[in-house]
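Let us walk through this structure step by step. Keep the sequence and the model side by side.

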Amino acid sequence: MTKKKTHLLGFMQNGFNSHATGMWRHPRDKVNWDYGKYDYWQHIAKVLERGLFDAFFIADQLAPYSTYKQSSDDSVRYAVQFPCNEPSTIVPAIAAATTHLGIGVTLSTAFEHPYSMARRLSSLDYQSGGRIAWNIVNSFSHGEWNAYGVDGRERGDRYERLEEYMEVCYQLWDSWEEGAVIADKASGTYGDPARIREVDHQGKYFRCKGRHFVPPSPQGRPILWQAGSSDRGRDFAAKHAEAIFSVQPTLNRMKEYTSDLQNRSVNRFKRKPNEVKRIFGLQTIVGESRAEAEDKFERIKECIPLEGALAWISGHFGLDFSKYGLDENVSNIEVPGIQGLFESILYAKDGAPVTVREAALIYSQSMGMPVALGTAKDIVDQMEVYLDEGGADGFMLLTTFTPGCYEEFVDWVVPELQRRGRYRERYSGTTLREHLSEY
Ligand SMILES: Cc1cc2nc3c(=O)[nH]c(=O)nc-3n(C[C@H](O)[C@H](O)[C@H](O)COP(=O)(O)O)c2cc1C
């Protein structure tokens, strides 16, 4: 029987400190690197490409989190995903430094018209030779809404608006027909107006009348990536996404998620089984021995400030955790923020109660992702279980210290994956869609 191979993505934010809170304090983090400079991102991208990764995935939020104590003070004080540059600004630098690596970019639909969104994504996909994925988000936090001076929308409304948003983007991306570009110097004719349809959309949320400004990019449209995980979010992902990013803390939760997503995409949206790639979050801590990895893990956890951790969970889940006792159990409620990630901490101990303190510390170390810790062999053993039993098609690797954690993964874990026939030996295509559909 052929073994299922894995896809791999790096996962960061274009800022000072990505997802593991307090990691900037680690002695091996960003040594002689400046996160605000292109060469830092280009170096990491080259490491990922050396490791034959499918893509480098850049998360984002639009403003500092300000739910904790109704202020962004602790986000600032503890560098909780703060400060953060705009994500698409590093895409051209990464594309120019690599030839195969895909680039996933998180761009929020909340405050931008679909016309400019479709144009920007077509431009990036065109210029990178077809290597772009769009992580479609609709912004969930008070800090973001306040910064843009807009009243928050409730979840149902957010997703209804997002459906229409996608409809406008699809119309724009599909509006250039085959043969639209003539570019005949002799006659002086560049384009054939009959083959570039003007979009005319008059909807509940958006109006758009005009031609798409960019020719079809190599992928036609970017890979549509989604991480919505509430009931509405899962439906949206099952309908639109080519790949989903999900955080499930245990094998059981992965199995449940896989079967739920398959059920929705196949039965509700008539898509083929396994058409949507399931990429699960994973944090890896590799050492030459298990003891070394355990020691490394302890040092990583020592970097997390509790107040910063509380600021982060408050921001992500939309609840002010300063109002809860640290030893109170976190209860299963519908949160206004990222429901799926909230569930990752509810089930972090396989259903056993989790206190507010534990929730904050677990989340701030791995964003609720399972941790694969040990030698390269130990780590690949764990990945194999997720691939074979959990329904994973690949992994989104959350950073610890950078760029070192990816250098170690590429040098130690990738060869072990290859030895076991679980990973590509070379890229077989050039576009991200080709990488993702290779197996
Ligand atoms: C694993 C994961 C990663 C996410 N990354 C981002 C992100 O980088 N930026 C963002 O604005 N939202 C992000 N989200 C939020 C969602 O994409 C979505 O907008 C939010 O979860 C609200 O939808 P939901 O209620 O369906 O979960 C992420 C969610 C998950 C589960």
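At 4% relative accessibility, Gln-81 counts as buried, where buried means under 20% relative accessible area, exposed over 50% and partly exposed in between (1.4 Å probe, protein chains only). This is a predicted model, in which local features need pLDDT of at least 70 and side-chain atom pairs count only at pLDDT 80 or more, while totals for chains, interfaces and linings use all residues. Residues are numbered from 1 along each chain as its sequence is written, and side-chain values use heavy atoms, with hydrogens and water left out.

Stay with Gln-81. Its phi is positive, about 45°, although Gln-81 is not a glycine. Gln-81 sits in the loop between H2 and H3. Helices (H or I, at least four residues) and strands (E, at least two) are DSSP runs, numbered from the N terminus. The loop between helix H2 (73–77) and helix H3 (91–97) also holds Pro-83. A cis peptide bond links Phe-82 to Pro-83, with omega about -10°. Most residues other than glycine have a negative phi, and most peptide bonds are trans.

Asn-274, not a glycine either, has a positive phi near 65°. It lies in the loop between H8 and strand E11 (277–286). With a relative accessible area of 40%, Asn-274 is partly exposed.

Now turn to helix H11 (residues 339–346). Eight of its eight residues are buried, so H11 is largely enclosed by the rest of the structure. Among them are Leu-341, Phe-342 and Glu-343. What do the buried residues of H11 pack against? Their partners include helix H6 (155–173), helix H8 (251–268) and helix H12 (356–366). Contact here means heavy atoms within 4.5 Å.

Next come the cysteines. A disulfide is a pair of cysteine sulfur atoms within 2.5 Å. By this rule the count is zero. For Cys-169, the nearest cysteine sulfur is that of Cys-208, 9.1 Å away. Cys-169 is buried, at 0% relative accessibility. Cys-208 is buried too, at 5%.

Pro-403 lies in the loop between strand E13 (394–398) and H14.

Helix H14 (residues 404–419) packs with helix H13 (residues 376–388) at about 55°, their axes 9 Å apart. That makes H13 oblique to H14. Angles under 35 degrees count as roughly parallel, over 145 as roughly antiparallel, 65 to 115 as roughly perpendicular and the rest as oblique. Axes are lines fitted to C-alpha atoms, for helices over the stretch in contact, and angles run from 0 to 180 degrees between N-to-C directions.
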